[in-house]
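Reader: Please take one part of this model and look at it closely. I would like to follow the charged pairs and the contacts around them.

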Amino acid sequence: MTIRNVRDHGQRYRPRMACLKKVENVVLEMQDPKTGVKSQTQRLVITTIPHAITGEDIVAWIANRFKTDAAEARAMGTMMVAFGYIYPLQDHKRLILKPDTSLYRFQTPYFWPAQQWLVEDTDYAIYLAKRNIRKKGMLELYEQEQYNNLYKWMNHKWDFIVMQAKEQYRAGKERKKPDRVVFDCQERAYWVVHRPPPGTVSAMDYGHDRMVDPNMEEKKTPDYYRRIIMFIQQCIMRPRVKSSVSIGALIKYTTTYKEHDPFLHTCLPSSPWITDDVTYWTLNMPNVETPTKMRVERWTFSFGELLMDPRGRADFRLFLKKEFSGENLAFWEACEDLKWGAAETMKEKAQQIYKTFLARGAPRWINIDGKTMDITVKGLAHPHRYVLDAAQTHIYMLMKKDSYGRYLKSPVFKETQKKAVAPESHRFTETQLEQNAKRRRPSLSPIILRQQEEEQKAKLAASGPVDITQVMSKLERKQKN
Amino acid sequence: MPLCNNKVADDGTSAQPLQEGKAMVDSLIKVVACYRHLASCIGGCTDNSSLRRDLRQTRERAQTLALSCRNHLTARLRDKTLPEAERKETELLWVAFSSCLELLHADMCKVFTMVKHFSLANNSTMVQTGIQGGTTELAARALSLPDLQEAGGSTQTSSMEGQEQSQLEQEIAQVDRTLEDMELKVNVLRWTVEALGPQYADPVSTDSASLALLSIDEEAAQAFCSRSQVFAAMMLCGVAIFAVVLSVCVVFLV
């Protein structure tokens, strides 16, 4: 038995597929012998099969019925073909409507894309087995792969699947030959829609299913009213911003970032989601040696961007090391670690931070004003995650107002900017794209990425912080000499 | 319903209960396959009362078979004294039977929705699907009868349709309950069941002639446009050969 963990009976709602009912009505209108689409007979070697329609007839009918132009009618016809209500008789893998004399036929209602029936893998396995029988083992490559996969995970049913395929095949023989041909075409068209060949886009991609019917009227129980009241109270309590302000902020954000979004703008060298080539991701790894030009440009947008990017932070750290003011960044990082770290080590971490950065005469003493220092020291008596928040914010503002500006003008940054790579865009041919698709591999496991991060942190800690007192004593010794 | 011992092959004395069970499940699979073929014609241009009648009869036959299968298999699997090898085989049959019943359930639900939409009594528009022939042979195959008597084309009234709908609904609910009952009564662990048969179905050896014709039809349908191209190419070749022959004659004359 297939595991039915969702108690079905049509409980899955696909709100975006409400168009299916409407398309069905249009298809039924097209059947009318007087006002519908003209049908012809398709001539095969020995047989003739009726009810074939040409693409141009379909386009003309749609244009006439909905009073639109030919391009719009063609788009609508392509939608009907993509959903599977009409299937092409030649070139059956490309689900588009060609406005010429190429032939199409209506799909039988059994194979219509219905809203409440999930397309079962069992049926697909039976279909592939039948096809295997008919084509004597010559399945297409992607069908072969799917078949092997299904064999692996539906193994317990496999005898049934093979038997059912044979029985369906034999039952098909009982029908007359033209009917058999039509049924095979229908079934094939159905599976082209629901299990599209690789490289094609399926019209049945509609996003997530919803568990609740959004059009259903909800019963007005006390619980329902309680929920509504809570919801409205929260709405009232929410802080509000003038729409002019928020829209202004949105516009500013989009104008700054619009060229950096890989979906909205062409990303160099090529978008991995489209061409299946991962150079873009390898060039933008967290700890890459030479960052890309776009990445470096993003660091100039705001201080937050610079700190959030690990490569940017490393660059900033280098700059601060040259200026001997690395303790600010180190303190900030230590506070982040405290905020996001494990709860058991929190107390020790807080104490360590106090000893290293905040105590009088500490090795890496940071410069914060008296009031903040007071609050922090008082809070450290009962340390918790956010005890150093005030100090961290102060240091963050300090870095932003002071060091950040100097960093952007510094030779370190200019050096990085000069060395940044600007990759050329790829130009892949069709065959190369197919090869790329075949060579798709999963990306680095998060476990490995975490290990790399830990190694990086350890290296940093080992390279040793600049101890102010030691540096000061060295300078004093030099002066003495 | 009477417990009928239905077998595909008509040998009077069946030796082991295992063979019985296998035969019952095989015939159920056959009937479900026929039912699917019949269901694919609903709403098409050949949808008429005889199709609906065929569907009903096939469905009833499937129900009786399913019931007898279930009783037989449940009894065997709850029998604690069953030897291990036979238990494995019976579990395989059980999995096949439950998958078959699920297919039947899905098909019945689809038929239920489609019949509501494409009602014969109200003369709803049917889709021109290109099917021409009838489905009497399929029904005959399903019911294991040599030929089916043609009951006269009785027109369906809407009350008859309503009755049939409600009966179909009841039967769907019954199959639902059967599936649930089965899972409660007998515990077959799906991951312990391994298929014994081949991965690829053997090509059916009967009727290779029609197979070949069918594949020719397919290819012809695909290569329909290129037939004229082939013809043109042959013409060109003929003309070229003719020209060569002419030139040879000219050379000889000169």
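Author: A salt bridge here is a side-chain nitrogen of Lys or Arg within 4 Å of a carboxyl oxygen of Asp or Glu. Side chains of opposite charge can pair when their charged atoms come close. The model is predicted, with local features needing pLDDT of at least 70 and side-chain atom pairs 80 or more, while totals for chains, interfaces and linings use all residues. Residues count from 1 along each chain, chains are lettered from A and ligands numbered from 1 as written, and side-chain values use heavy atoms, without hydrogens or water.

Start where the chains meet. Chain A brings 69 residues into contact (heavy atoms within 4.5 Å) with 74 residues of chain B. Together they bury about 6,800 Å² (accessible area lost, 1.4 Å probe, summed over both). Carbon and sulfur atoms hold 58% of that area. The interface of chain A and chain B has 4 salt bridges. One of the salt bridges joins A:D123 to B:R36. Their closest N and O atoms are 3.2 Å apart.

Now widen the view. Over all chains, the structure holds 37 salt bridges. A:K93 and A:E140 form a salt bridge, at 2.9 Å from N to O. This pair links distant parts of the chain, 47 residues apart. A:K93 lies in the loop between β3 (86-88) and β4 (103-106) of chain A. A:E140 lies in the loop between α4 (121-134) and α5 (141-153) of chain A. These elements are DSSP runs, numbered from the N terminus: helices (H or I) of at least four residues, strands (E) of at least two.

Note on methods: Buried area = accessible area lost by both parts, 1.4 Å probe.
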